[in-house]
Amino acid sequence: MQTLKQGLEECHLMEKLADQLEQEWQKRLSNDYPDYCPDSRTSIVQWLLGENREQLNHLLPDKLKIVSQAMEYRYRILRQRYLGVTPEQAYRNLTGRLAGLVTLRNKIRTWVSLSRDRQRAVVDVLQEVIQELLNSDRYIQGQIGWIAQCSEDIHLRDALLLTTLEEYCLRPIRNQPLVVYRFVNFLKRSGRGGMTHLPGGENVRFVSESITSDDTDTPVSLLDNQAIADYQETQVWQEQQVLRLSVRREFEAYLDQNVGAQAAQWLQLYLQGKSQEEIAKTLDLPIQKVYRLREKISYHAIRVFSLKVKPELVASWLEVSLKDHNLGLTPLQWQDYWQSLTDKQRQLIQQLRAGKTLDVIAKDLNWKYNQALGEWSKLYLAAQDLRSSS
């Protein structure tokens with residue numbers, strides 16, 4: 001009897017978790033947006049808590065922390081780019097954020113240069129990729145239905161959908177944003193006929209009115225299935241997100257202490273999706289100084305900080321990683337860069353790409369560790385100079 005009573009008490013306590021989270025977010029929204037109507041704030045809270053609210057009641061403390069961090073991440077995206085702005089501006093914010101991904105931008109530019117229509121801009125192609133996501137991606141289709149349950153407000157639905165799209169597109173799969181794989185999928189579907197053409201001036205159709213799910217002829221690709229399988233367990237992504245936030249805080253503190261407060265501010269703004277011009281305006285600095293600051297931060301990220309913490313993660317943030325971004329070089333720049341290397345330097349690059357550490361590579365090449373580190377630093381700085389001179 002005592003065991004049953006204890007079990008009921010524990011169950012009662014766990015059932016309060018979802019309610020407690022709801023109350024905390026309601027209070028947060030009331031403070032952040034006191035002028036919003038209660039229904040809108042409640043809709044946002046419902047969206048943040050997610051469809052599986054019941055699962056929140058059974059989270060252990062470590063998992064609760066991860067889920068809370070994920071909610072914070074989504075809420076920050078919503079506030080920074082989509083809430084309280086016009087649908088047109090919100091959509092521009094989304095395309096601007098995705099167009100800022102060097103890997104995706106370079107892939108799109110390369111494809112455009114090889115296609116029949118060479119006048120299209122990166123944002124034009126992005127619009128088509130986003131439209132395909134809305135029309136055929138199973139996860140996004142599910143989120144469209146969930147958002148519709150959360151709110152009847154057309155503009156709020158748009159804001160929540162665009163936030164969901166950004167978060168989903170930036171999810172890391174094998175060290176690349178998911179949207180890169182969606183772009184490849186888009187190429188497969190578009191086939192040899194070149195690019196599809198959306199009517200000029202027509203924005204992506206939002207969830208509010210015109211998204212339908214009656215297209216039964218939509219092809220299903222292996223890439224779709226793989227991505228869905230990768231993210232059926234959302235805990236994996238949530239744990240990755242907590243790690244990224246943790247390393248980000250460490251890197252910000254490092255920059256503040258070793259490079260200066262403006263460097264830490266630059267990183268914060270950059271990770272919000274701000275362009276170098278917007279950062280210059282915010283920091284009240286000449287654009288040339290901001291570019292120099294960016295290169296200094298990249299240097300510290302690769303040569304100093306990242307060697308001690310998470311090199312792939314930091315380089316991926318700055319989109320100058322060797323493995324996924326070719327050190328931030330365009331395909332033509334990379335070709336020139338590669339041809340300028342010695343055989344030993346190429347071996348160093350290839351082994352780094354294969355995931356080997358510098359101490360292992362040093363042994364393979366009969367170098368001392370400091371020699372390998374110095375050679376890698378020289379190679380990185382050479383790529384940095386090539387980026388800056390273009």
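Select Trp 266 first. Its relative accessibility is 1%, so Trp 266 counts as buried; the term means under 20% relative accessible area, exposed means over 50%, and partly exposed is in between (1.4 Å probe, protein chains only). This is a predicted model: local features need pLDDT of at least 70, side-chain atom pairs count only at pLDDT 80 or more, and totals for chains, interfaces and linings use all residues. Residues are numbered from 1 along each chain as its sequence is written, and side-chain values use heavy atoms, with hydrogens and water left out.

Trp 266 and Tyr 270 both lie in helix H14 (residues 261-271), four residues apart, about one turn of the helix. Helices here are DSSP runs (H or I, at least four residues), numbered from the N terminus. Tyr 270 has 16% relative accessibility, so it counts as buried.

**Aromatic pairs**

How many aromatic pairs does the structure hold? There are seven. Rings of Phe, Tyr and Trp (its six-membered ring) pair if their centres lie within 6.5 Å; planes under 30 degrees apart count as stacked, over 60 as edge-to-face and the rest as tilted.

Go to Phe 251 and Tyr 254. Their ring centres are 6.4 Å apart and their planes meet at 15°, so this pair is stacked. Both residues sit in helix H13 (residues 234-258), three residues apart, about one turn of the helix. Phe 251 is buried, at a relative accessible area of 0%. Tyr 254 is also counted as buried, at 15%.

Return to Trp 266 and Tyr 270. They too form a stacked aromatic pair, 4.8 Å centre to centre, with 10° between the planes.

Next, select Trp 334, Tyr 337 and Trp 338. These three form one aromatic cluster.

**A charge over a ring, and its salt bridge**

Select Arg 171 and Tyr 139. Arg 171 lies over the face of Tyr 139, 4.8 Å from the ring centre. A charge sits over a ring if NZ of Lys or CZ of Arg is within 6 Å of the ring centre and within 35 degrees of the ring normal.

A salt bridge is a side-chain nitrogen of Lys or Arg within 4 Å of a carboxyl oxygen of Asp or Glu. Glu 167 counts as buried at 1% relative accessibility, and Arg 171 counts as buried at 4%.

Then pick Arg 28, Asp 32, Glu 72 and Arg 79. Salt bridges that share partners join these four into one network.

The structure holds 13 salt bridges. Select Asp 19 and Arg 53 for one of them: the closest N and O atoms are 2.8 Å apart. Asp 19 lies in helix H2 (residues 16-32) and Arg 53 in helix H4 (residues 53-56), so the pair ties together parts that are 34 residues apart in sequence. Asp 19 is partly exposed at 36% relative accessibility. Arg 53 is partly exposed at 28%.

Move to Glu 166 and Arg 97. Their side chains meet in a salt bridge (3.7 Å, N to O). Glu 166 lies in helix H10 (residues 154-169) and Arg 97 in helix H6 (residues 87-99), so this pair ties together parts that are 69 residues apart in sequence. Are these two buried or exposed? Glu 166 is buried, and so is Arg 97.

**The nonpolar cores**

Select Leu 78 and Leu 165. Of the 58 residues in the largest nonpolar core, these two touch the most other members. A nonpolar core is a set of buried Ala, Val, Leu, Ile, Met, Phe, Trp, Tyr and Cys residues joined through side-chain atoms within 4.5 Å.

Show what surrounds Leu 78. Not counting residues up to four places away in sequence, Leu 78 touches Ile 44, Trp 47, Leu 83, Ala 159, Leu 160 and Thr 163. Contact means heavy atoms within 4.5 Å.

**Two loop residues**

Most residues other than glycine have a negative phi. Select Asp 284: its phi is positive, about 55°, although it is not a glycine. Asp 284 lies in the loop between helix H15 (276-283) and helix H16 (287-308). It is exposed, with a relative accessible area of 68%.

Finish at Asn 366. Its phi is positive as well, about 60°, and it is not a glycine. Asn 366 is in the loop between helix H21 (358-364) and helix H22 (369-389). At 71% relative accessibility, Asn 366 counts as exposed.
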